[in-house]
Every structure is written in structure tokens, then in C-alpha cells.
Amino acid sequence: MSEYVKKKILLLGDGAVGKTSLIRRFVVDKFSDDYIATIGTKVTKKDVRLKAHGEEYFITLMIWDVLGQRGYSAVQASSFRGSQGAMMVYDLTRPDTLKSLEEYWIPQIHESVGKIPIAIVGNKVDLIDRIRPYEEEAKEFSAAYESVSYLSSAKSGENVEKIFRVIGKEVLEERRIEEAGKSVEVEVPPSIVQASDKIIMDFCNQFGGIQAGMPIVREQFIKAGVNIKSPTKEGLIKAVNKLAEVEKIVKDPQTVTLNKNRRLALIRDAR
Ligand code: G3D
Ligand code: MG
């Protein structure tokens, strides 16, 4: 007997560590050099067949590529909800990205969904010489979180399939998930990144959720020329206007104006 299940897996880690490349490699088995910055959150589906508890499962992995920019905590917390496993990715050529897992990404995930199975992934193994004890470093680090660790390369494909399968299996065999169910407090006045974060969430909430809203946010932010890492007030104002244009198609004029003014106020009040 095989069972059909659907599981939500997050890919987390700093910008440019290789999250999007790993997903692309796993899903279409290809490495593309064109780099498209992930603005917001993107969900990719992949079906895999797995054995767990001695049974065969057909499992659909819903892989969430979450905005890798620190400070977007509302978007991130909202993306974390309901996730059952996570791959925490760092870049082997940039030690600060490993530190960032410890200081930012792992605490964030613990705070919003509790202790779910995680895998620590040191990516870009094709770029390093193996003289340094990278493996030991990764093992030591992951032991502290009772998690598995792998070195991978989205470029060569090394370990990519394996990591997704391992996390899929761990999620199936399931260690306990503690829903902390905490909401994220944002202090006042917000920074410009926090304003941007709030605007994105506000739009998504109005637009039927993060999965429906995020592709539109992505498109309009690009059109407005907003750099998600360091948004400017001018750029955000443009983006808010563009989002309003989209909302005009589906919402009444009053709501559109209300939404727009609420978002412009966020920008105005930002530091
Ligand atoms: P992100 O989604 O975590 O932000 P990306 O990261 O997947 O967009 O990758 C960021 C850059 O690292 C890209 O380079 C990408 O090609 C490169 N990259 C990702 N994984 C690997 C890997 O395993 N090996 C090597 N050599 N490069 C990798 P560019 O230059 O296009 O920005
Ligand atoms: Mg990306």
C-alpha cells in the first residue's frame, strides 16, 4: 500500500548562498547561470517516491524559496507557518553565511514553528579545496541542532537529490512539531526594510495570501525598480502605486485608495 502525502519544506539562508539554484537543480536537474533575485517567496512542487517506516510513500514536496533578506520578518514568519521541514543553506566560500544560520535563520524558524526537522547544507562545494575540514565544521554545527548536514553543489549536482530525499524522509518519519504560534512584533518606527516587508504582507493579505500575492509583488517591485535589499522611499512609493493599479482590476475604488494610503503611510513613517 502506498500513501499520498503533501509536505511543506522551506529553504532558508542568506542571499546568494544558492537556494534557488538548488531547487532548480532538484526540480529540473539543470544548473542555470542566469541569476534571478528571488523577490519574495516562490513555491515549487516536486513529487518523489520514498520509503519511510518500511512503507512506500508518494510525497509531494512543496518547496518554499523564502526571501533571503534579513529584516523581512513578517514575510518570513508568514512563509514559515505550517512548514514541516527546512533546509538551512550556507555558502562554503562565505563563513558569515554559516554564522547567519545560527544567529538569524535557525532562531527565526524555532520561534515560529518550533523544532521541525532541519538539514544543514553547505553549498558550492565545487568552489572549495577540500583541505580545510569543511565536513567536520558542518557536522559539529549540525550536531548542536540534532540535524543532518551535507555539502552540496547546485552546479555539479553533488548531493542535491539526496538532501531533498533525506529531508523528505525525516519529515515523513516526523519528529514532533511544536507550534509556537507566536506572531512577530515589529517595533515602531519601522526601518525602510520593515516598511517594505509590511507593504508586501499587506498586499498579500488583501490578495488572498502569500502564494497568490507574491508573484504580483515580485513583478511590480521589479517594474518599480525596487532593490529588495536596500529599498528607497521613492522606489517603494512607485511600487505601491503599481500594486494599486493591479488592485484596481479586482477591487472597488474606495478599497484601492484605502489600501494605497495605508501603504504610503508606512513609507512616510519609516526611518
Ligand atoms: P539564493 O537563491 O540563495 O539567493 P542563487 O542563491 O541560487 O540565486 O545563487 C547565487 C549565486 O551562486 C548564483 O551566481 C549562482 O549561479 C551561484 N551558485 C549557486 N549554487 C552554486 C554552486 O553550487 N556552485 C557554484 N559554483 N555556484 C553556485 P551568479 O553569479 O549567477 O549570481
Ligand atoms: Mg534565490
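Select Y145. In this predicted model, Y145 is partly exposed, with a relative accessible area of 21%. The cut-off for buried is under 20%, so Y145 does not count as buried.

How do the rings of F141 and Y145 sit, stacked or tilted? They form a tilted aromatic pair, with 5.4 Å from centre to centre and 50° between the planes.

Next, look for other ring pairs. The structure holds 4 aromatic pairs. One of them joins F26 and F164. This pair is stacked, at 4.0 Å centre to centre with 5° between the planes. Trace the chain from each ring. F26 belongs to helix α1 (residues 19-28), while F164 belongs to helix α5 (residues 160-173). The two residues are 138 residues apart, and the pair links distant parts of the chain. Both F26 and F164 are buried.

Keep F26 on screen and select K46. K46 lies over the face of F26, 4.8 Å from the ring centre.

Another lysine is worth a click. Select K8 and W64. What sits over the ring of W64? The charged end of K8 does, 3.6 Å from the ring's centre.

Last stop: S152. Find strand β6 (residues 148-152), which contains S152. Is S152 buried or exposed? S152 is buried, and its relative accessible area is 0%. Now show its contacts. Leaving out residues up to four places away in sequence, S152 touches L22, V121, G122, N123, K124, V125, E158, N159 and I163.

Terms used:
Residues are numbered from 1 along each chain as its sequence is written. Chains are lettered from A and ligands numbered from 1 in the order in which they are written. This is a predicted model: local features need pLDDT of at least 70, side-chain atom pairs count only at pLDDT 80 or more; totals for chains, interfaces and linings use all residues. Side-chain values use heavy atoms; hydrogens and water are left out. Helices (H or I, at least four residues) and strands (E, at least two) are DSSP runs, numbered from the N terminus. Buried means under 20% relative accessible area, exposed over 50%, partly exposed in between (1.4 Å probe, protein chains only). Contact means heavy atoms within 4.5 Å. Rings of Phe, Tyr and Trp (its six-membered ring) pair if their centres lie within 6.5 Å; planes under 30 degrees apart count as stacked, over 60 as edge-to-face and the rest as tilted. A charge sits over a ring if NZ of Lys or CZ of Arg is within 6 Å of the ring centre and within 35 degrees of the ring normal.
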